[in-house]
Number of protein chains: 2
Amino acid sequence: MRLILNMRSTKKVSTTSPNSSPETAARIKQAAIGEFAENGFTKTTIRAIASAADVSPGLVIHHFGSKEALRTACDDYVFTAITEAKEANAQYSTMAIQLMFEDPQMRTNVDYLVKSLLDPSDHGQRFFEHYIDVVENFVTQGIAGYTFRQSTDPRGQAAMIASFALAPMVLSERLRTSLGTTDIKDTMTRLAPHLLDLYLNGILDSIPDAEVGTDSNGDDQS
Amino acid sequence: MRLILNMRSTKKVSTTSPNSSPETAARIKQAAIGEFAENGFTKTTIRAIASAADVSPGLVIHHFGSKEALRTACDDYVFTAITEAKEANAQYSTMAIQLMFEDPQMRTNVDYLVKSLLDPSDHGQRFFEHYIDVVENFVTQGIAGYTFRQSTDPRGQAAMIASFALAPMVLSERLRTSLGTTDIKDTMTRLAPHLLDLYLNGILDSIPDAEVGTDSNGDDQS
DNA sequence: GCGACGATTGAACATGCGTTTAATATTAAA
DNA sequence: TTTAATATTAAACGCATGTTCAATCGTCGC
């Protein structure tokens, strides 16, 4: 007659999976993605992740080995999740971006990738390269009925477009505060007409007399 | 007969400024700006700043009170330095941007502001607002002979342009690696023609039949 | 000269971090 | 039922961090 007292955490006890790791590991990974997406890799602590996943800090290490290894696992997961979602919505192209701001999980994933992009590690670079590839494809193949004017430097052109497409997400918090929008979806709605107008028609409507590069700047050319 | 042994740091001993604080405080501040610009606020340690300024960690606190206060001091300094430099080169407008990548000190300042922009603190927001103001002025007043097509939402339009202008700096490391350029100046040279072309002519040269939202996507329109 | 004061330092303190460890609980296999 | 293996935890370890402290050094007004 053994009296079993389980006084651990009074929550997840009857989940019918007492000794199975993958379920808990997945929960830890999701918690980590959420924390990384919100606070970045450096500022996020293992203790915060453990707390969000309702486990002990030691268990996080037990399942993933180290914080860096956990990050790699999250990277792979998010990268796969996003590319799969993108392919699934490939035919909608422009709509796919919209969907990324609708689905909360996808928004977290995007936030995660943005944070990864800004952190000087190898992980984000892979995503950036991939993203430029996607854009370059769009430029050569067209997207959603739009076609692009080709360039003699398609890689540079694609890099520019990719950077611009990422800019509102990277600066989303600053834009939100500055424009008084409620969230990034609202921000994008506000910016959308300007984006479309720029991409369709440009924004400059006159060229100065002096060309760029021939800087014979008489500084009094009023 | 007192024997004075000064075995501190065998370097700055005869700099003819034994007991003056402002000189040392300025050096610490410059070191801090450099470290913050390179590694961001969180990852930069007081010890690293002290080492770069060739002083003890305690002296950094002695002069500025705390790491956060030191950051505020750096913020004010960089913000003033950039705005002054911008006004000084106001007539050159486009050239001013070029100068920011030529002058190493200015490049450090720009790096600092970018890091400040990405850190979720109040400091960077002030700079962002100011930058949008500058852009909005450019749009209404023109710049370097260029004139802009006006919008019914000038603030949103300026926010978009500001975000785009900042994007290459925010993503400079990613772009440098991806394009194989040597530094941000080289990167900008590579991107410049694409930027000018986009701003002058747009980049899309055909509008799809179906308008956005009426996604009747016959996916076989080769 | 001298005494007060600021500059400056090395050492220590308190805290939070990632990680390790020893122990317990739980499950699956023999 | 026993045994081995895994999941899980609380506690502690080692280290880096921001900061404090007591002491020394140099300068300047008296």
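Both Phe36(A) and Tyr112(A) are buried (under 20% relative accessible area, with exposed over 50% and partly exposed in between; 1.4 Å probe, protein chains only). The model is predicted: local features need pLDDT of at least 70 and side-chain atom pairs pLDDT 80 or more, while totals for chains, interfaces and linings use all residues. Residues are numbered from 1 along each chain as its sequence is written, chains are lettered from A in the order in which they are written, and side-chain values use heavy atoms, without hydrogens and water.

**Aromatic pairs**
- Over all chains there are 7 aromatic pairs, meaning rings of Phe, Tyr or Trp (its six-membered ring) with centres within 6.5 Å; planes under 30 degrees apart count as stacked, over 60 as edge-to-face and the rest as tilted.
- Phe36(A) and Tyr112(A) form a tilted pair, because their ring centres are 6.3 Å apart and their planes lie at 50°.
- This pair links helix H1 (residues 21–43) of chain A, which holds Phe36(A), to helix H6 (residues 104–118) of chain A, which holds Tyr112(A), 76 residues apart; helices are DSSP runs (H or I, at least four residues), numbered from the N terminus.
- Phe36(A), Phe41(A) and Tyr112(A) are linked into a cluster by ring pairs.

**Pair between chains**
- The rings of Phe164(A) and Phe164(B) are stacked, with centres 4.1 Å apart and planes at 10°.
- Phe164(A) is in helix H8 (residues 154–170) of chain A and Phe164(B) in helix H8 (residues 154–170) of chain B, so the pair joins two chains.
- Phe164(A) is buried at 2% relative accessibility, and Phe164(B) is buried with a relative accessible area of 2%.

**Charges over rings**
- The charged end of Arg71(B) sits over the ring of Phe41(B), 4.5 Å from its centre (NZ of Lys or CZ of Arg within 6 Å of the ring centre and within 35 degrees of the ring normal).
- Over the ring of Phe79(B) sits the charged end of Arg126(B), 4.3 Å from the ring centre.
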